[in-house]
Amino acid sequence: MTTPDIGQRTLGTASPLAVSTLGLGCMGMSEFYGTPDEQGGTDTIHRALDLGVTFLDTADMYGPFTNEQLVGRAIKDRRDEVQLATKFGNERLPDGTRVGVNGSPGYVRSACDASLQRLGVDHIDLYYQHRVDKSVPIEETVGAMKELVEVGKVRHLGLSEASAANIRKAHSVHPITALQTEYSLFTRDLEDEILPVLRELGIGLVPYSPLGRGLLTGAISSDSGADGERDFRRSQYFPRFQGEALDANLVLVDKVREIAAAKDCTPGQLALAWVLAQGEDVVPIPGTKRVKYLEENVGAVAVRLDADDLAALEQAVPRDAVAGDRYGDMSHIDA
């Protein structure tokens, strides 16, 4: 297929990091979204690099631990092409047991060393605190992260799902390059407080789940589209995939599908194009473990949305029209 020139965008101003305009979320290659597929994931990463998608996102908790190993093996001979992002803070045991959120300085240092070993690299380009530990002042956590920059183990710092207040506190300790949080046509609450703070401080935005965990691709129906019991999206943890909420959300997806047909693109490409249109400081990281979906996502870069297109999408998917919370338990989100 003919693919567009991906190009680059820059995350952050005080500690800028140039990355590909579109990134690749690697989580689903190892856990949560159906059966893990190491070979499919490896092939997808290699194809991503060939297409210019060089901003790769993983975390120590994915697997747990196995996703970092997969990514590390996949980029072993191409490390200099990659902007590599990983995260710490959601502590898990090797058997998958969740311990909790850990932002203690000692844990920051040990988690980074473990990630470097699993990834097989000497530095991490962007190191995120995956979730804010509400029992540890964020200044202490970021202080330990700053030390990692000073010794060369990490190049840039990021936060994930942090509140506006904690973003300010963290940025006062060391420049924050990017905030990773959920953002899509289906999830727009960050526009109230968080996005203005990011723009004020010069911090980039890295939206995860920019396709609404697959809902916005149009491939999920009320009785199919997720990988049975093995797909975490079908659990009560994701209310938007349950019963009447799912039915209501699929009505919205149908409207997106109609606009996409008029634009001669897929619903997923249209949804990604909407995210990309929110600013040059926005770099979404749609996840997939299949080359064909990667290639479809890359096609979104060529979809141009004018003011009429954006207005049509606003009307089709009003900001508060989506049914169900994004998580069944929102207690781990910093607010």
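Which side chain does a polar contact of 2.7 Å join to that of Arg 326? The partner is Glu 161, whose side chain meets the side chain of Arg 326 at that distance. Please keep in mind as you look around that this is a predicted model.

**Around Arg 326**

- Arg 326 sits in the segment that follows α10 (307-316).
- Its relative accessible area is 7%, so Arg 326 counts as buried, the cut-off being under 20%.
- Besides the link to Glu 161, the side chain of Arg 326 has a polar contact of 3.1 Å with the side chain of Glu 182.
- Setting aside residues up to four places away in sequence, Arg 326 also touches Thr 181, Thr 187, Asp 189 and Tyr 208, among others.
- Further residues touched by Arg 326 include Arg 213, Tyr 237, Phe 238, Pro 239, Arg 240 and Ile 333.

**Nonpolar cores**

- In soluble globular proteins, nonpolar side chains tend to be buried together.
- Here, the largest nonpolar core is made up of 98 residues.
- The residues with the most contacts inside that core are Leu 24, Ile 45, Phe 55, Leu 159 and Ile 167.
- What is Ile 45 in contact with, leaving aside its neighbours within four places in sequence? The list is Leu 24, Cys 26, Met 29, Leu 56, Leu 70, Val 71, Ala 74 and Ile 75.

**Backbone geometry worth a look**

- Most residues other than glycine have a negative phi, and most peptide bonds are trans.
- Gly 63 and Pro 64 are joined by a cis peptide bond, with omega at about -5°.
- Pro 64 belongs to the loop between β4 (55-57) and α2 (66-74).
- Phe 32 is not a glycine, yet its phi is positive, near 80°.
- You can find Phe 32 in the loop between β3 (23-25) and α1 (38-51).
- Is Phe 32 buried or exposed? With 13% relative accessibility, Phe 32 is buried, because this value is under 20%.
- Asp 264 also has a positive phi, of about 60°, without being a glycine.
- The loop between α7 (243-263) and α8 (267-276) holds Asp 264.
- The relative accessible area of Asp 264 is 73%, which is over 50%, so Asp 264 is exposed.

Definitions and conventions. Residues numbered from 1 in each chain as written. Predicted model: local features only at pLDDT ≥ 70, side-chain atom pairs only at ≥ 80, totals over all residues. Heavy atoms only, no water. Core = buried A, V, L, I, M, F, W, Y, C linked by side-chain atoms within 4.5 Å. Buried < 20%, exposed > 50% of the residue type's maximum accessible area, 1.4 Å probe, protein only. Contact = heavy atoms within 4.5 Å. Helix = DSSP H or I, 4+ residues; strand = E, 2+ residues; numbered from the N terminus. Polar contact = N/O pair within 3.5 Å; in protein donor to acceptor, adjacent residues only side chain to side chain.
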